[in-house]
Amino acid sequence: MVNRKEKVIRVKALNEDGEKVIGNMNFKNTDLDIAVNALIGSMLTNGYIDDMQNSILISVENSNKDKSTSLQARLEGEVSRLLDASNVDGAILSQSIVEDKDIEDLAKENMITKGKAQLVLQLVEKHEGYDFEELAKLSVNDLNLLVESKKLDIENSSKVGKASDRAYIGTDKAISIAVNHVGAKGSDIKDLEIELEYDDGRFIYEMEFYLDGIEYEFDIHAISGEILSFEKDRDDNYKDTSKATEKASPTPTTRPKASQKPVDPTKEAVEATASPKTDNLMSAAAARKAVMDRFGGIVQKIEYNYDSKNPLY
(Lines give C-alpha, C1' and ligand atoms only; values in the text may rest on other atoms or scores of the structure.)
Protein backbone atom coordinates (compact mmCIF):
# COMPACT_ATOMS: atom_id res chain seq x y z
CA MET A 1 0.00 0.00 0.00
CA VAL A 2 1.31 3.46 -0.95
CA ASN A 3 0.19 7.04 -0.34
CA ARG A 4 -0.38 9.82 -2.84
CA LYS A 5 3.33 10.58 -2.92
CA GLU A 6 3.99 6.93 -3.81
CA LYS A 7 5.65 6.24 -0.47
CA VAL A 8 5.14 2.74 0.92
CA ILE A 9 2.79 2.67 3.91
CA ARG A 10 2.59 -1.08 4.44
CA VAL A 11 3.70 -4.37 2.89
CA LYS A 12 1.82 -7.44 4.11
CA ALA A 13 2.58 -11.11 3.46
CA LEU A 14 -0.56 -13.21 2.93
CA ASN A 15 1.12 -16.63 2.93
CA GLU A 16 4.44 -18.39 3.52
CA ASP A 17 5.75 -17.50 0.09
CA GLY A 18 5.08 -13.82 0.77
CA GLU A 19 6.86 -14.04 4.09
CA LYS A 20 9.88 -15.58 2.42
CA VAL A 21 10.03 -12.87 -0.24
CA ILE A 22 9.69 -9.98 2.23
CA GLY A 23 12.03 -11.50 4.79
CA ASN A 24 13.35 -8.90 7.23
CA MET A 25 12.98 -5.96 4.84
CA ASN A 26 11.16 -2.88 6.19
CA PHE A 27 9.57 -0.85 3.40
CA LYS A 28 7.73 1.80 5.43
CA ASN A 29 8.19 5.29 3.90
CA THR A 30 10.30 3.80 1.10
CA ASP A 31 9.84 5.06 -2.46
CA LEU A 32 7.65 2.73 -4.50
CA ASP A 33 10.33 2.19 -7.15
CA ILE A 34 12.88 1.15 -4.52
CA ALA A 35 10.42 -1.25 -2.89
CA VAL A 36 9.57 -2.84 -6.24
CA ASN A 37 13.25 -3.24 -7.04
CA ALA A 38 13.91 -4.96 -3.71
CA LEU A 39 10.90 -7.30 -4.00
CA ILE A 40 11.75 -8.37 -7.56
CA GLY A 41 15.34 -8.99 -6.50
CA SER A 42 14.17 -11.17 -3.61
CA MET A 43 11.82 -13.15 -5.87
CA LEU A 44 14.70 -13.82 -8.26
CA THR A 45 17.05 -14.79 -5.43
CA ASN A 46 14.54 -17.16 -3.85
CA GLY A 47 13.61 -18.86 -7.12
CA TYR A 48 10.09 -17.47 -7.52
CA ILE A 49 11.01 -16.04 -10.90
CA ASP A 50 13.16 -17.91 -13.41
CA ASP A 51 13.05 -19.29 -16.94
CA MET A 52 10.46 -21.91 -15.93
CA GLN A 53 8.25 -19.57 -13.89
CA ASN A 54 8.62 -16.19 -15.55
CA SER A 55 5.24 -14.53 -14.93
CA ILE A 56 4.46 -11.65 -12.61
CA LEU A 57 1.03 -10.22 -11.79
CA ILE A 58 0.84 -6.50 -11.10
CA SER A 59 -2.44 -5.29 -9.59
CA VAL A 60 -3.20 -1.61 -8.99
CA GLU A 61 -6.14 -0.37 -6.93
CA ASN A 62 -7.05 3.30 -7.23
CA SER A 63 -10.41 5.06 -7.34
CA ASN A 64 -9.00 7.37 -10.02
CA LYS A 65 -9.00 5.37 -13.24
CA ASP A 66 -6.46 7.58 -15.03
CA LYS A 67 -3.99 7.43 -12.13
CA SER A 68 -4.51 3.69 -11.86
CA THR A 69 -3.77 3.19 -15.55
CA SER A 70 -0.70 5.43 -15.39
CA LEU A 71 0.77 3.68 -12.34
CA GLN A 72 0.01 0.29 -13.84
CA ALA A 73 1.98 1.17 -17.01
CA ARG A 74 4.91 2.59 -15.04
CA LEU A 75 5.21 -0.47 -12.80
CA GLU A 76 4.97 -2.75 -15.81
CA GLY A 77 7.86 -0.94 -17.43
CA GLU A 78 9.97 -0.98 -14.25
CA VAL A 79 9.46 -4.69 -13.62
CA SER A 80 10.21 -5.48 -17.26
CA ARG A 81 13.48 -3.52 -17.00
CA LEU A 82 14.49 -5.39 -13.83
CA LEU A 83 13.82 -8.77 -15.40
CA ASP A 84 15.74 -7.87 -18.54
CA ALA A 85 18.69 -6.83 -16.38
CA SER A 86 18.60 -10.30 -14.80
CA ASN A 87 18.43 -12.00 -18.24
CA VAL A 88 14.92 -13.29 -17.60
CA ASP A 89 12.48 -13.22 -20.51
CA GLY A 90 9.53 -12.24 -18.34
CA ALA A 91 5.79 -12.24 -18.87
CA ILE A 92 3.96 -9.46 -17.06
CA LEU A 93 0.20 -9.41 -16.58
CA SER A 94 -0.97 -6.11 -15.09
CA GLN A 95 -4.51 -5.17 -14.11
CA SER A 96 -6.62 -2.61 -12.32
CA ILE A 97 -8.48 -4.00 -9.32
CA VAL A 98 -12.20 -3.39 -9.19
CA GLU A 99 -13.66 -2.83 -5.72
CA ASP A 100 -15.77 -5.91 -5.07
CA LYS A 101 -16.80 -7.47 -1.75
CA ASP A 102 -16.97 -10.97 -3.23
CA ILE A 103 -13.39 -10.69 -4.50
CA GLU A 104 -12.20 -9.50 -1.09
CA ASP A 105 -13.90 -12.45 0.62
CA LEU A 106 -12.47 -14.97 -1.86
CA ALA A 107 -8.99 -13.52 -1.40
CA LYS A 108 -9.19 -13.86 2.40
CA GLU A 109 -10.64 -17.38 2.26
CA ASN A 110 -7.88 -18.61 -0.04
CA MET A 111 -5.05 -16.51 1.44
CA ILE A 112 -4.21 -14.82 -1.84
CA THR A 113 -4.06 -11.21 -3.00
CA LYS A 114 -7.15 -9.45 -4.30
CA GLY A 115 -5.38 -9.15 -7.64
CA LYS A 116 -4.92 -12.91 -7.94
CA ALA A 117 -8.48 -13.51 -6.72
CA GLN A 118 -9.81 -11.21 -9.44
CA LEU A 119 -7.78 -13.01 -12.12
CA VAL A 120 -8.89 -16.46 -10.93
CA LEU A 121 -12.53 -15.35 -10.76
CA GLN A 122 -12.43 -14.20 -14.38
CA LEU A 123 -10.97 -17.54 -15.45
CA VAL A 124 -13.73 -19.39 -13.61
CA GLU A 125 -16.45 -17.19 -15.10
CA LYS A 126 -15.10 -17.52 -18.64
CA HIS A 127 -14.57 -21.29 -18.58
CA GLU A 128 -17.20 -23.70 -17.32
CA GLY A 129 -15.77 -26.48 -15.20
CA TYR A 130 -13.03 -24.50 -13.44
CA ASP A 131 -13.10 -24.42 -9.65
CA PHE A 132 -11.98 -21.28 -7.83
CA GLU A 133 -10.26 -23.06 -4.94
CA GLU A 134 -8.33 -25.32 -7.34
CA LEU A 135 -7.12 -22.47 -9.53
CA ALA A 136 -6.24 -20.33 -6.50
CA LYS A 137 -3.54 -22.90 -5.65
CA LEU A 138 -1.81 -22.46 -9.00
CA SER A 139 1.13 -20.17 -9.57
CA VAL A 140 0.73 -16.90 -11.45
CA ASN A 141 2.69 -18.45 -14.32
CA ASP A 142 0.28 -21.39 -14.60
CA LEU A 143 -2.70 -19.00 -14.54
CA ASN A 144 -1.02 -16.96 -17.25
CA LEU A 145 -0.54 -20.11 -19.34
CA LEU A 146 -4.26 -20.84 -19.09
CA VAL A 147 -5.09 -17.28 -20.13
CA GLU A 148 -2.86 -17.68 -23.20
CA SER A 149 -4.05 -21.18 -24.07
CA LYS A 150 -7.72 -20.19 -23.85
CA LYS A 151 -7.04 -16.85 -25.56
CA LEU A 152 -9.08 -15.18 -22.84
CA ASP A 153 -9.68 -11.45 -22.77
CA ILE A 154 -9.02 -10.37 -19.18
CA GLU A 155 -10.84 -7.16 -18.32
CA ASN A 156 -8.96 -4.05 -17.20
CA SER A 157 -5.62 -5.66 -17.94
CA SER A 158 -2.61 -5.58 -20.25
CA LYS A 159 0.00 -8.20 -21.00
CA VAL A 160 3.67 -8.18 -21.98
CA GLY A 161 5.70 -11.26 -22.92
CA LYS A 162 4.80 -14.94 -23.07
CA ALA A 163 4.40 -17.25 -20.09
CA SER A 164 7.02 -19.99 -19.91
CA ASP A 165 5.88 -23.59 -20.51
CA ARG A 166 9.31 -25.10 -19.86
CA ALA A 167 7.97 -26.94 -16.82
CA TYR A 168 5.87 -29.00 -19.25
CA ILE A 169 6.68 -31.10 -22.30
CA GLY A 170 5.33 -28.45 -24.70
CA THR A 171 2.88 -28.63 -27.58
CA ASP A 172 5.42 -29.93 -30.13
CA LYS A 173 6.33 -32.91 -27.94
CA ALA A 174 2.67 -33.62 -27.18
CA ILE A 175 1.84 -33.64 -30.90
CA SER A 176 4.78 -35.96 -31.60
CA ILE A 177 3.56 -38.41 -28.93
CA ALA A 178 0.05 -38.51 -30.38
CA VAL A 179 1.16 -38.81 -34.02
CA ASN A 180 3.60 -41.62 -33.21
CA HIS A 181 0.83 -43.43 -31.33
CA VAL A 182 -1.28 -43.69 -34.50
CA GLY A 183 1.73 -44.54 -36.66
CA ALA A 184 1.68 -41.40 -38.76
CA LYS A 185 3.77 -38.34 -39.51
CA GLY A 186 3.09 -34.78 -38.45
CA SER A 187 2.65 -33.77 -42.09
CA ASP A 188 -0.10 -36.40 -42.54
CA ILE A 189 -2.60 -35.05 -40.01
CA LYS A 190 -5.27 -32.43 -40.76
CA ASP A 191 -7.21 -29.82 -38.76
CA LEU A 192 -5.02 -30.06 -35.66
CA GLU A 193 -6.30 -28.39 -32.49
CA ILE A 194 -4.34 -28.43 -29.23
CA GLU A 195 -4.51 -26.48 -25.97
CA LEU A 196 -3.12 -26.67 -22.48
CA GLU A 197 -5.87 -27.44 -20.01
CA TYR A 198 -6.19 -27.85 -16.26
CA ASP A 199 -8.39 -30.75 -15.25
CA ASP A 200 -8.69 -32.91 -12.14
CA GLY A 201 -5.73 -31.25 -10.45
CA ARG A 202 -3.28 -31.64 -13.32
CA PHE A 203 -2.24 -29.94 -16.53
CA ILE A 204 -2.93 -31.84 -19.72
CA TYR A 205 -2.73 -31.23 -23.46
CA GLU A 206 -6.11 -31.72 -25.09
CA MET A 207 -5.68 -32.51 -28.77
CA GLU A 208 -7.71 -33.56 -31.77
CA PHE A 209 -6.87 -34.06 -35.43
CA TYR A 210 -7.97 -35.98 -38.54
CA LEU A 211 -6.10 -38.67 -40.42
CA ASP A 212 -7.42 -40.68 -43.38
CA GLY A 213 -11.06 -40.07 -42.48
CA ILE A 214 -10.62 -40.83 -38.77
CA GLU A 215 -10.98 -38.22 -36.01
CA TYR A 216 -8.52 -38.75 -33.14
CA GLU A 217 -8.74 -37.23 -29.66
CA PHE A 218 -5.99 -37.32 -27.03
CA ASP A 219 -5.44 -36.19 -23.45
CA ILE A 220 -1.71 -36.15 -22.70
CA HIS A 221 -0.16 -35.46 -19.29
CA ALA A 222 1.67 -32.15 -19.57
CA ILE A 223 4.59 -33.24 -17.38
CA SER A 224 5.11 -36.97 -17.97
CA GLY A 225 3.83 -37.18 -21.55
CA GLU A 226 1.62 -40.14 -20.60
CA ILE A 227 -1.41 -40.69 -22.82
CA LEU A 228 -4.30 -40.38 -20.36
CA SER A 229 -7.09 -40.98 -22.86
CA PHE A 230 -7.38 -41.82 -26.54
CA GLU A 231 -10.45 -41.98 -28.77
CA LYS A 232 -11.07 -42.31 -32.47
CA ASP A 233 -14.18 -42.04 -34.58
CA ARG A 234 -14.82 -42.22 -38.31
CA ASP A 235 -15.66 -38.95 -40.00
CA ASP A 236 -18.76 -39.60 -42.12
CA ASN A 237 -18.11 -36.45 -44.16
CA TYR A 238 -14.58 -37.49 -45.11
CA LYS A 239 -13.72 -37.66 -48.80
CA ASP A 240 -10.39 -39.11 -49.87
CA THR A 241 -9.02 -36.69 -52.41
CA SER A 242 -5.47 -38.04 -52.26
CA LYS A 243 -6.13 -40.71 -54.87
CA ALA A 244 -7.94 -40.15 -58.12
CA THR A 245 -10.83 -42.50 -58.72
CA GLU A 246 -10.10 -44.64 -61.72
CA LYS A 247 -12.72 -46.51 -63.72
CA ALA A 248 -11.81 -49.32 -66.11
CA SER A 249 -12.23 -48.16 -69.68
CA PRO A 250 -14.10 -50.61 -71.95
CA THR A 251 -12.20 -52.08 -74.86
CA PRO A 252 -12.87 -49.78 -77.79
CA THR A 253 -15.01 -51.29 -80.53
CA THR A 254 -14.01 -50.50 -84.09
CA ARG A 255 -16.97 -49.20 -85.97
CA PRO A 256 -17.06 -48.08 -89.59
CA LYS A 257 -17.34 -44.36 -90.10
CA ALA A 258 -20.57 -43.05 -91.53
CA SER A 259 -18.95 -42.62 -94.93
CA GLN A 260 -17.49 -46.13 -94.93
CA LYS A 261 -19.07 -49.36 -96.10
CA PRO A 262 -18.95 -52.53 -93.97
CA VAL A 263 -15.73 -54.47 -94.43
CA ASP A 264 -15.92 -57.33 -96.94
CA PRO A 265 -13.86 -60.38 -95.81
CA THR A 266 -12.76 -61.03 -99.39
CA LYS A 267 -11.25 -57.55 -99.52
CA GLU A 268 -9.44 -58.20 -96.19
CA ALA A 269 -7.82 -61.27 -97.73
CA VAL A 270 -6.67 -59.35 -100.75
CA GLU A 271 -5.31 -56.51 -98.55
CA ALA A 272 -3.20 -58.98 -96.64
CA THR A 273 -1.41 -60.15 -99.78
CA ALA A 274 -1.53 -57.11 -102.04
CA SER A 275 1.43 -54.81 -102.38
CA PRO A 276 0.70 -51.15 -101.42
CA LYS A 277 2.63 -50.01 -104.48
CA THR A 278 0.48 -49.11 -107.47
CA ASP A 279 3.19 -50.22 -109.93
CA ASN A 280 3.18 -53.78 -108.63
CA LEU A 281 -0.54 -54.62 -108.41
CA MET A 282 -1.84 -58.17 -108.00
CA SER A 283 -3.69 -59.51 -111.00
CA ALA A 284 -7.39 -60.39 -110.80
CA ALA A 285 -6.51 -64.06 -111.20
CA ALA A 286 -4.05 -63.88 -108.34
CA ALA A 287 -6.68 -62.17 -106.21
CA ARG A 288 -9.23 -64.88 -107.04
CA LYS A 289 -6.68 -67.57 -106.10
CA ALA A 290 -5.86 -65.81 -102.78
CA VAL A 291 -9.54 -65.76 -101.84
CA MET A 292 -10.08 -69.35 -102.87
CA ASP A 293 -7.03 -70.52 -100.93
CA ARG A 294 -8.18 -68.76 -97.75
CA PHE A 295 -11.95 -69.07 -97.82
CA GLY A 296 -12.73 -71.73 -100.44
CA GLY A 297 -16.00 -71.68 -102.40
CA ILE A 298 -16.62 -69.84 -105.67
CA VAL A 299 -15.80 -66.20 -106.38
CA GLN A 300 -18.71 -64.87 -108.39
CA LYS A 301 -17.53 -61.30 -108.92
CA ILE A 302 -14.32 -59.26 -108.55
CA GLU A 303 -14.34 -55.44 -108.32
CA TYR A 304 -11.30 -53.22 -108.27
CA ASN A 305 -11.40 -50.29 -105.85
CA TYR A 306 -8.61 -47.87 -106.66
CA ASP A 307 -6.94 -46.11 -103.77
CA SER A 308 -3.47 -44.63 -104.29
CA LYS A 309 -2.47 -45.54 -100.75
CA ASN A 310 -4.24 -48.86 -100.47
CA PRO A 311 -5.39 -50.38 -103.80
CA LEU A 312 -7.48 -53.51 -103.39
CA TYR A 313 -9.84 -55.91 -105.14
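**Figure 1. Aromatic pairs in the predicted model.** The structure holds six aromatic pairs, where rings of Phe, Tyr and Trp (its six-membered ring) pair if their centres lie within 6.5 Å, and planes under 30 degrees apart count as stacked, over 60 as edge-to-face and the rest as tilted. The model is predicted, so local features need pLDDT of at least 70 and side-chain atom pairs count only at pLDDT 80 or more, while totals for chains, interfaces and linings use all residues. Residues are numbered from 1 along each chain as its sequence is written, and side-chain values use heavy atoms, with hydrogens and water left out.

**Figure 2. The ring pair of Tyr-168 and Phe-203.** The structure's six aromatic pairs include a tilted one: the ring centres of Tyr-168 and Phe-203 are 5.3 Å apart, with the planes at 40°. Tyr-168 belongs to the loop between strand 3 and helix 8 (171-181) and Phe-203 to strand 5 (residues 202-211), so the pair ties together parts that are 35 residues apart in sequence. Helices (H or I, at least four residues) and strands (E, at least two) are DSSP runs, numbered from the N terminus. Both Tyr-168 and Phe-203 are buried; buried means under 20% relative accessible area, exposed over 50%, and partly exposed in between (1.4 Å probe, protein chains only).

**Figure 3. The ring pair of Phe-209 and Phe-218.** Phe-209 and Phe-218 are buried. One aromatic cluster is formed by Phe-209, Tyr-216, Phe-218 and Phe-230.

**Figure 4. Helix 8 and the strands it packs against.** Ala-174, Ile-175, Ile-177, Ala-178 and Val-179 are the buried residues of helix 8. These buried residues pack against strand 4 (190-199), strand 5, strand 6 (214-221) and strand 7 (227-234), with contact meaning heavy atoms within 4.5 Å.

**Figure 5. The crossing of helix 4 and helix 5.** The axes of helix 4 (residues 101-110) and helix 5 (residues 114-126) come within 8 Å and cross at roughly 110°. Axes are lines fitted to C-alpha atoms, for helices over the stretch in contact, and angles run from 0 to 180 degrees between N-to-C directions. Helix 4 is therefore roughly perpendicular to helix 5; angles under 35 degrees count as roughly parallel, over 145 as roughly antiparallel, 65 to 115 as roughly perpendicular and the rest as oblique. Helix 4 contributes Ile-103, Glu-104, Leu-106 and Ala-107 to the contact, and helix 5 contributes Lys-114, Ala-117, Gln-118 and Leu-121. By type, the residues of this contact are five nonpolar, one polar and two charged. Ala, Val, Leu, Ile, Met, Phe, Trp, Tyr, Cys and Pro count as nonpolar, Asp, Glu, Lys and Arg as charged, and the others, Gly among them, as polar.

Figure 6. Three strands form an open sheet in the order 1-2-3, with mixed pairing; two strands pair if DSSP finds at least two bridges between them. Strand 1 (55-60) and strand 3 stand at the edges with a single partner strand each, so one side of each is left without a neighbour in the sheet. On average, neighbouring strands of this sheet are turned by 15° against each other, direction ignored. Strand 2 (residues 91-96) pairs with strand 3 in the antiparallel sense over four bridges, and Ile-92 has Val-160 in strand 3 as its bridge partner. Helix 7 packs on the sheet and touches strand 1, strand 2 and strand 3; the direction of helix 7 makes about 90° with that of strand 1.

Figure 7. Asp-199 lies in strand 4 and is partly exposed, with a relative accessible area of 41%. From Asp-199 to Gly-129 the C-alpha to C-alpha separation is 8.5 Å, and the two are 70 residues apart in sequence. Glu-134 is in helix 6 (residues 132-136) and is partly exposed at 31% relative accessibility. Glu-134 and Gly-201 are 67 residues apart in sequence and 7.2 Å apart in space, C-alpha to C-alpha. Not counting residues up to four places away in sequence, Glu-134 touches Tyr-198 and Gly-201.

**Figure 8. Two asparagines with positive phi.** Asn-29, a residue other than glycine, has a positive phi near 65°. Asn-29 lies in the loop between helix 1 (16-22) and helix 2 (32-45) and is exposed, with a relative accessible area of 56%. For Asn-156, phi is also positive, near 55°. Asn-156 sits in the loop between helix 7 (140-150) and strand 3 (157-160), and counts as partly exposed at 42% relative accessibility.
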